[in-house]
Number of protein chains: 4
Amino acid sequence: MPGNSEVDALTHETYRRAGFTGSFEFGVRPALLVVDFCRGFTDPACPLGSDTTAEVERTRVLLDVARARSTFVVFTTIAYDEGARATTTWLRKVPSLGELTVGSPWVDIDVRLGRLDHEPVVAKHGASAFFGTPLQALLVAARIDTVLVMGATTSGCVRASVVDAVQYGFPTFVVTDCCADRSAGPHDANLFDMTAKYADPLTSEEVVSHLQRLPETALR
Amino acid sequence: MPGNSEVDALTHETYRRAGFTGSFEFGVRPALLVVDFCRGFTDPACPLGSDTTAEVERTRVLLDVARARSTFVVFTTIAYDEGARATTTWLRKVPSLGELTVGSPWVDIDVRLGRLDHEPVVAKHGASAFFGTPLQALLVAARIDTVLVMGATTSGCVRASVVDAVQYGFPTFVVTDCCADRSAGPHDANLFDMTAKYADPLTSEEVVSHLQRLPETALR
Amino acid sequence: MPGNSEVDALTHETYRRAGFTGSFEFGVRPALLVVDFCRGFTDPACPLGSDTTAEVERTRVLLDVARARSTFVVFTTIAYDEGARATTTWLRKVPSLGELTVGSPWVDIDVRLGRLDHEPVVAKHGASAFFGTPLQALLVAARIDTVLVMGATTSGCVRASVVDAVQYGFPTFVVTDCCADRSAGPHDANLFDMTAKYADPLTSEEVVSHLQRLPETALR
Amino acid sequence: MPGNSEVDALTHETYRRAGFTGSFEFGVRPALLVVDFCRGFTDPACPLGSDTTAEVERTRVLLDVARARSTFVVFTTIAYDEGARATTTWLRKVPSLGELTVGSPWVDIDVRLGRLDHEPVVAKHGASAFFGTPLQALLVAARIDTVLVMGATTSGCVRASVVDAVQYGFPTFVVTDCCADRSAGPHDANLFDMTAKYADPLTSEEVVSHLQRLPETALR
């Protein structure tokens, strides 16, 4: 459980008594949901970005294993056209999101992830990968039974996507060492919340191990 | 009411007794929702297209009046990237939708409509303008109180968008002479259903008249 | 208005050329989605109701086969509390929907269907079974790969639910002889639209045959 | 874990540079969204509950001012029927949510809030007040331009509802002293996240002051 040094024993005991005690089974048709590892968040030259090199590199390792197993992979980015940028409510609160315009290099998926043409990119206007996007329809169409979430930022779009993934009915896992944030405090606090309430934590090594054990019949 | 010659008197009487008797007020912050007047549907050279010249031209007249009044205008198109095209369930039923790929000229809004850069285009994967898109968020952000729907096809994406517009809470109007379909029977039948159950019918002339009467304070 | 005898050969040819040529595979985890067979629609004493005896009885036969196979069954109804009734936009258009209040007998599922306690009922405010309800989350949680839609009315809530079912990613079938409407013209026209664009048609007999062939491993 | 005393100066500076610098205007048609102040969360006798007396009492003061001004008020609760309880994915992670069954006293809105019959209650299956509910349709129908969120728990359903409120397009405010949580660490951390990224913070006193300044023309 993350934030061991910061979430006190009382909180752990409170959560246990409140019944936050279950967990999910890892299914046979997982999807890797890579949230907002677009250049706007992975390149420190963008105001929204930070150094996510370690998390991007671990995600690439995971993606390569997944690709070898024909596991479903989907990316998200944030992109506004001129009209949407002028209108969207969230941008009044976070004006720097207005950098993420359609056609800008900031919206491109980080090349270090080696995205393949057949891996869909879902462009969103909000924090959640599901909000105002066809993501859930893609996951249903691909008969996904397990969603693995990683990306940036832990305390923003990853958290929002994890909450929606379980709400939409998917057993949900957060890949802890593939989630990046610009600040350690919110990163830890949100890993605590997510793993207490919405998703089971897995390291990228554990995910690799799960993927390698998938039955052949589950592959497309 | 459309299809006068085809919907018999008994059906009209049945609907009256069932309580389909209400109507909407035209508000002070309308939005024009132009559904799928992209080239794939307005150019007969595309398998999905048909001759929509008259409806596109009437829509352009309406758009020009709306633009002069700073009325909110939003377009939809359908566009799949390679991954989405291979996955989306609807395309198994209607394979020709696979023509509508990101970057293809078929997904461009028909130039005869003179779209301005600040008018958002919402790219969708389904029939409804609202499904898997940020449309409702844009309409809320713009404080829209009236949705005017037009486009193609009457029996497909217009119908689906009208049903969603009223479900999402907007007083909804269908602009009858700006809706195009590839077949007369489904066109008439769907105008009947929409105006009986979900939306009030208006001609483009009536919409122009409404727009010209909007109070100055409603303009942005 | 369309219908077997009325949709002319030209329309069929137009649709064929437009590419409406695909179909779905019947999967191994189907769900029966019974739309609005609540008393408000199945009892002619309610303004919204009509005589749906034949369709309700055929649906009951289908349900009993499904229950013997542990197939997932879900019902919808429409129900407004006092606040929602006063607010919901759709009721301005169709005031008679205001009869469907929480606690009223009209919102109860028709007893002739013999609903079992473990079969969820989804209460909705709109036309679609999916709109403003947790239906898609239930279907995903139950790992449904095929949605079978029936109920009332064909031209209203069944049509809206079928459009959403395929949008949400489910291979969708409409059970033609289990769909009821208060008028023949709209019934026929909407079966034509649905089966042309969104769902494959099956009779209840064909569904029974499919259910009986399901592999044992698909049962829960 | 963050909190006034705990979010370090570095995090604040990081967020400022990232462009989290905007804020919302308080509109003329606010809604009070009271999240999960049902007995299951406000009565310590329920495993999910904790002592929320202070927050419930402050919310009641706010509600009484709002009622005198005819401000829109909506409540949420969580309630599963037997079928939904057996199916819903989230309950595998948090089994204690299964206490919240339709008809159980835990799903009733806390009587100390004095809910009036015309104030809608939205029953949900997930964390967000918007997920699988008709909430956004009610807010649009009531032409709401400002959403004020309060309730329980800060780190769970309040956070999820705030994220969705801004995603759905509403200028969003979190009423800080009307949000309750079972643990102080997550409460503080989530108020930090929400107010940094999604909503502006207001105390209940500040909300009262805003409500009292609303123009008469905004009242229904």
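## Sheet of chain B

Two strands are taken to pair if DSSP finds at least two bridges between them. In this predicted model, chain B holds an open sheet of six strands, ordered β3-β2-β1-β4-β5-β6, with parallel pairing. Strands β3 (121–124) and β6 (200–202) of chain B form the edges, each pairing on one side only. From one strand to the next, the twist averages 25°.

Strand β5 of chain B covers residues 172–180, and three bridges join this strand to β6(B). The two strands run parallel. B:Phe173 stands opposite B:Asp200, a residue of β6(B). Helix α3 of chain B (residues 53–68) packs on the sheet, where the helix touches β1 (30–35), β2 (72–78), β4 (146–152) and β5. The direction of α3 makes about 135° with that of β5(B).

## Surroundings of D:Glu55

In chain D, helix α3 spans residues 53–68 and includes D:Glu55. Is D:Glu55 buried or exposed? D:Glu55 counts as buried because 23 C-beta neighbours lie inside 10 Å, and the cut-off for a buried residue is 20 or more.

Neighbours within four places in sequence left aside, D:Glu55 is in contact with D:Cys178, D:Cys179 and D:Ala180. D:Leu138 lies 83 residues from D:Glu55 along the chain, and the C-alpha atoms of these two residues are separated by 25 Å.

## Contact between chains A and D

The contact between these chains involves 44 residues of chain A and 43 residues of chain D. On the side of chain A that touches chain D, the elements giving two or more residues are α1 (9–18), α5 (90–93), α7 (154–167) and α8 (184–197) of chain A. Helix α7(A) gives the most to this side, with six residues.

By class, the side of chain A that touches chain D is made up of 19 nonpolar, 17 polar and eight charged residues.

## Contact between chains A and C

Chain A also touches chain C, with 11 residues from chain A and 11 residues from chain C taking part. Which helix of chain A gives the most to the side that touches chain C? That helix is α6 of chain A (residues 135–141), with five residues.

The residues on the side of chain A that touches chain C divide into six nonpolar, three polar and two charged.

Notes:
Residues numbered from 1 in each chain as written. Chains lettered and ligands numbered in written order. Predicted model: local features only at pLDDT ≥ 70, side-chain atom pairs only at ≥ 80, totals over all residues. Contact = placed C-beta atoms within 7 Å. Helix = DSSP H or I, 4+ residues; strand = E, 2+ residues; numbered from the N terminus. Nonpolar A, V, L, I, M, F, W, Y, C, P; charged D, E, K, R; others polar. Buried ≥ 20, exposed ≤ 12 C-beta atoms within 10 Å, placed from the backbone. Axes fitted to C-alpha atoms, helices over the stretch in contact; angles between N-to-C directions.
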